[in-house]
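Subject: Structure for your files, with notes

Hello,

The structure is pasted below for you to keep. My notes on it follow.

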Amino acid sequence: MITLRENYSLKKHNSFGIDARTRYFAETENESDLVNFIRHNPVPELSVMILGAGSNILFINDFEGLIIHPNITGIEIIKETPDFITVRVGAGVNWDRFVEWAVKKNLGGIENLSLIPGSVGAGPVQNIGAYGCEVSEVIEQVETIQIADGSKKEYHNDECGFGYRTSIFKTDLKDRTIIHHVVFRLSRKPILKADYGGVRDRLKKYNSPNIADLRKVIIEIRNEKLPDPEKIGNAGSFFKNPVLKDEEFRVFIMNHPDAPNFMTEQDDFHKIPAAWLIEHSGWKGKRVGNAGTYPLQPLVLVNYGNATGKEIYELSEKIREDVFNRFNIMLEREVNLVGINS
């Protein structure tokens, strides 16, 4: 049974801590109730939005529709081979708790994604990534319920349209399907991926480091650079790192030879750290009213206590404008906006 709440506050359901409201809010803890609710939706005329932990969203205004919050939990091993274990995980499971579970069992593949906020169900939507890894590398399939009729459909990895911080669930299927479980294939013979963000240097303090040590190092780095959403409202990285084609990159680096850059897996494409662009546009640690950039990581926009979603959005627009004027690069937001056409 699902209870439909009206005029419901979303302050505890978004990591920015924005006090927005939704006209209706429905939370479910099991798959069958969710299917039944979709098939007998009491407010079919309203637009629907799927909300997980709210760690990658900015409410600029109230949402005049129905928000569905799938809070399905559970971690189930469904297949084992000498090299891999296949795990089915509920969409409502806290992402970092799942990483912790895997690392304790010495199952590799997601340890680099330690301490990323949010739920398991949001992982494939955003194709979360950090320290040289993306969740799409270990996803076998995504199990969904179609909002149109309550039917179930599974999307195998090659059907998910995974890209840099995106997927088909963020584009074509946005608010048309609900993820209720994700199936992962984890390695029983983990290989450390440590060639990113100074991780390897920190691992030198461990003799024969394993994935548990790697997780500790990544948590250390993230805690040093990123604010705790429980203390300072934020959604992590607000912008994507721009990716420039080879020709664009040659022009950029000729004008800014000191800019850090990285080759991508695609030939002739170069990634520029958005944090460097923001800092060199004068925005590091800058505050405007109740909103600002985090002093230790300008890629993170923060709510200093009483900011509205509109204030944070307007700050992001000023940053984008200044970065474009200085570098001729338009930053693309990683955070999803609700309540504005942008």
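In β19, the bridge partner of glycine 292 is valine 302. This is a predicted model, in which local features need pLDDT of at least 70 and side-chain atom pairs count only at pLDDT 80 or more, while totals for chains, interfaces and linings use all residues. Residues are numbered from 1 along each chain as its sequence is written, and side-chain values use heavy atoms, with hydrogens and water left out.

Some terms for what follows. Helices (H or I, at least four residues) and strands (E, at least two) are DSSP runs, numbered from the N terminus. Two strands pair if DSSP finds at least two bridges between them.

The sheet with β19

A hairpin through two residues connects β18 to β19. On β13, serine 237 has valine 300 of β19 as its bridge partner; β13 and β19 run antiparallel and are joined by three bridges. β17 and β18 also run antiparallel, with two bridges, and valine 288 has alanine 291 in β18 as its bridge partner.

Together these make an open sheet of four strands in the order β13-β19-β18-β17, with antiparallel pairing. Its edge strands, each pairing on one side only, are β13 and β17 (287-288). Helix α8 (residues 309-327) lies across β17, β18 and β19 and runs at about 55° to β18. Such angles run from 0 to 180 degrees between N-to-C directions, with axes as lines fitted to C-alpha atoms, for helices over the stretch in contact; contact means heavy atoms within 4.5 Å.

Is strand β19 enclosed or open? Seven of the seven residues of β19 (residues 297-303) are buried, so the strand is largely enclosed by the rest of the structure. Buried means under 20% relative accessible area, exposed means over 50%, and partly exposed is in between (1.4 Å probe, protein chains only).

Strands around β12

Strand β12 (residues 177-187) is mostly covered, with ten of its eleven residues buried. β7 pairs with β12 in the antiparallel sense over seven bridges, and threonine 86 stands opposite arginine 185 in β12. Strand β10 (residues 139-146) also runs antiparallel to β12, joined to it by seven bridges; there, threonine 144 has isoleucine 179 as its bridge partner.

β7 (residues 84-90) has a further antiparallel pairing, over five bridges, with strand β6 (residues 75-80). Lysine 79 stands opposite threonine 86 in that pairing, and a hairpin through three residues joins β6 to β7.

The three-stranded sheet

Another open sheet has three strands in the order β14-β16-β15, with antiparallel pairing. The edge strands, each pairing on one side only, are β14 (243-245) and β15 (262-263). Helix α6 (residues 246-255) packs on this sheet, touching β14 and β16, and its direction makes about 105° with that of β14. β14 pairs with strand β16 (residues 269-271) in the antiparallel sense over three bridges, and leucine 244 has histidine 270 in β16 as its bridge partner.

The second largest pocket

The second largest pocket holds about 1000 Å³ of space. A pocket here is an open set of points on a 1 Å grid over the protein atoms alone, where a 1.4 Å probe fits, with protein on both sides within 12 Å along at least five of seven lines; lining residues have an atom within 4 Å of a point. The volume is the space filled by probe spheres set on the points, which are joined across faces, edges and corners.

Which residues lie nearest the centre of this pocket? They are Ser15, Pro117, Gly118, Pro229 and Glu230, out of 39 lining residues. β5 (63-70), α5 (211-225) and β13 (233-237) each supply at least two residues of the lining, and β13 gives the most, with three. By class, the lining has 14 nonpolar, 18 polar and seven charged residues. Ala, Val, Leu, Ile, Met, Phe, Trp, Tyr, Cys and Pro count as nonpolar, Asp, Glu, Lys and Arg as charged, and the others, Gly among them, as polar.

Two residues with positive phi

Leucine 115 has phi near 65°, a positive value in a residue other than glycine. Leucine 115 lies in the loop between α2 (95-104) and α3 (122-126) and is partly exposed, at 27% relative accessibility. Asparagine 127 also has a positive phi, near 45°. Asparagine 127 sits in the loop between α3 and β8 (129-130) and is buried, with a relative accessible area of 0%.

Regards
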